[in-house]
Amino acid sequence: MADERVLWCHDLRRSFGGLVAVDGVGFYIDPGETYGLLGPNGAGKTTTISMIVGLLDRDGGEIRVAGEPMTTRAVRAKREIGYVPQDLAIYPDLSGRENLMFFARLYGMSTSEARRRSAEVLELTGLSDRAGDQTKQYSGGMKRRLNIGIGLLNRPKLLILDEPTVGVDPQSRNAILESVEALSGAGTAVLYTTHYMEEAERLADRIGIIDHGKLIAEGTRQQLVGMVGEGDQVRLSAAGDLTRAAADLAGRSWVRQAKAADGTIDLVVDDASRELPAILADLTADGLAVSSVQVHEPDLEAVFLHLTGRALRD
Amino acid sequence: MRAALLICAKDLRARLRDRSALLIGIVVPLGLAFIFNGIFSGISGGGTVLNLGVVNADHGLASQQFTSEVLPAVARSGLIAVHPEATLARARALAANGTLEAVIVIPAGFSAQVQANQPAAMQVIGNIDDPVSAQVAESIAESYAADLNRVRLSVATVAAGRGGPALPPAQIQALSARAAAAVEPVAVDDVSAQTKELNQKSFFAAGMAVFFLFFTVQFGVTSLLEERSDGTLARLVAAPIGRASILGGKLLTSFVLGVISMAVLVAATTLLLGASWGNPLGVAVLVVAAILSAIGIMALIATLAKNAEQAANWQSVVAVILGLVGGTFFPVSQAPGILSRLTFIAPQAWFLRGLGDLRAGSISAVWIPALAMLGFAVVTGAVALTRLRHLAEV
């Protein structure tokens, strides 16, 4: 089974002196799947990534990439990975094209193949016009795009992005997220670490929540939110007898809580997106004119808070 | 090996593009070699040819012996160029405009006065701005005058010993010839060849080249630390290549930069400065050994540093100390006592000694200096390599 996964890691452990950075982490990623590794700073995300990429020796556990065992010396496993480090890792005195050519050749491509692939990546990252400029002349966003582009050069089965949007402006950030969605859609397995909940929610098919070196929860977004046991919150503004309307709604089986106050009705329901039409129909039948509706679903922030007692960005 | 070559090519491209290696490896040492040679030529006169004018208004036996035997022997030293001048007026004019640094004048009747055992004098015209050249010319004239006086004294001694009437001219001439043949008139020895010292131009060319070699090779080794702080080392380690390829690429970069720097400096100082490095094969052996020793020492220092900036600082300090002790700015081997022996703790001293030995002897003379430098390379390089493995970890 482990050999069929693009990434399979089991019981990873790593300590630095007396500090346990990663403690028994294990997960897998299948082709075309995006796995979000979510956790606060210092949770052990980068150490986990470093072991998977082969930068760090591990104290214990096992890693397989496309069926190949990964160690710091594993050349075959490394061929299958595209790695985008957290910090910019490009050469400022070389042009964008020269950076790409260098890494393409380092991954074993011939000169002509490297030239062709570099041109494709330049096109993909929108840097073709500035390909000949030294990267120290690039804007921050351009450098970020090139940084990601280098990770795509070898058409990896597994693309690993370690917090690629840290310090990035909103426009570039959105472009990066779109690129990841496109790659995942094209069949690339993606391991994406972040401490931004919204990015994990948007990109990841499955999410692992890591804290203090341990994987404390894992699953789809719905599965994780389900762990919290909270319902969706719906707030309606309307004119009329709100107390009676709230009492009527409280009789519905899917309404967990209904309360009227200050011109609004606050509800807690099982699934707001499914039940909202029925709510509006009931209020209209009661003769209320609804002026606004707000829906708030429990998010991963709430999940993290529920699991650790701390906010994700603490 | 392929990956090491790729890393080396990438590093060389970056280094040549930011021009730092070009400046440190070629421009600065070449410029300093010119400057030091110019300064010390002005002080000592060494390395330049003294243009000595000679006006022979006599054309007698004694003056012809001076112009045909003494002066050619002096000229063979390579330090003095003799320029016979027809008239005293022209010689004065050339001395006045600096074409000639000094002039020796043999007045008419000089030989006749010498043969008649009468007072005779040669004149030296010097330049007040160049007292050293005038003193050299005076020394040459005095040496010859002393030799003539010795011959005259020998003949007079023989005549006085016989008693009786004065000796006939033919006998005096025969005695003079025998006395003169008894010794060399003036001997100019090739001191530099005997003491295996480089001439001034070659010394400064070689000294500056090997001094800055230790700075040039830093670029390759220290870039490993730069890559670590810049984050690109993580990308190299994550690539499907061995860590030995990364280290190899960095060391190869140092070696290639060293070879380029030394090759350009040898060629440029030979063509532009007139430096004489010696047998090309011997020079090549010494250059390669010097580069390897420089890489070993600089790599070892880099492994002790926490970051690229600290490494560069420490390497610079060590390079300057070794350069000074190794005699790259002045010949420490001529210094008294312990300093002349201490110099050989520096590979630079072995390099300069090797070049000196090469000039004085055959190519086999370079093996001991070359082996000494390779010893530095092996010892420091071995320690550095074990530590460099840790440096290649992210």
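**Cavity, cores and contacts**

Me: Which residues line the largest cavity?
Reply: The lining of the largest cavity consists of A:Gly82, A:Tyr83, A:Tyr107, A:Ile150, A:Gly151, A:Asn154 and B:Arg235. A cavity is a set of points, on a 1 Å grid over the protein atoms alone, where a 1.4 Å probe fits but cannot get out, and a lining residue has an atom within 4 Å of a point. This is a predicted model, in which local features need pLDDT of at least 70 and side-chain atom pairs count only at pLDDT 80 or more, while totals for chains, interfaces and linings use all residues. Residues are numbered from 1 along each chain as its sequence is written, chains are lettered from A and ligands numbered from 1 in the order in which they are written, and side-chain values use heavy atoms, with hydrogens and water left out.

Me: How many cavities of 30 Å³ or more are there, and how much space lies in the largest?
Reply: The search of the whole structure finds one of 30 Å³ or more, and the largest cavity holds about 40 Å³. Here a volume is the space filled by probe spheres set on the grid points, which are joined across faces, edges and corners.

Me: Which elements give two or more residues to that lining?
Reply: Strand E6 (81-84) and helix H5 (140-152) of chain A do. Helices (H or I, at least four residues) and strands (E, at least two) are DSSP runs, numbered from the N terminus.

Me: Moving on, which residues touch the most other members of the largest nonpolar core?
Reply: A:Phe27, A:Leu106, A:Leu158 and A:Leu191 do, in a core of 74 residues. Its largest share, six residues, is supplied by helix H3 (residues 96-106) of chain A. A nonpolar core is a set of buried Ala, Val, Leu, Ile, Met, Phe, Trp, Tyr and Cys residues joined through side-chain atoms within 4.5 Å. Buried means under 20% relative accessible area, exposed over 50%, and partly exposed in between (1.4 Å probe, protein chains only).

Me: How many residues of H3(A) are buried, and what covers them?
Reply: Nine of its 11 residues are buried, among them A:Phe102, A:Phe103 and A:Leu106. The cover includes helix H4 (111-124) and H5 of chain A, as well as helix H1 (2-18) and helix H11 (232-238) of chain B. After H3(A) comes A:Gly108, which has a positive phi near 95 degrees.

Me: Is B:Thr303 buried or exposed?
Reply: B:Thr303 counts as buried because its relative accessibility is 7%. This residue lies in helix H13 (residues 280-304) of chain B. Leaving out residues up to four places away in sequence, B:Thr303 touches B:Ala384, B:Arg387 and B:Leu388, where contact means heavy atoms within 4.5 Å.

Me: And where is A:Asp266 found?
Reply: A:Asp266 belongs to strand E13 (residues 264-269) of chain A. It is partly exposed, with a relative accessible area of 22%.

Technical notes. On a 1 Å grid over the protein atoms alone, a cavity is a set of points where a 1.4 Å probe fits but cannot get out, and a pocket is an open set with protein on both sides within 12 Å along at least five of seven lines; lining residues have an atom within 4 Å of a point.
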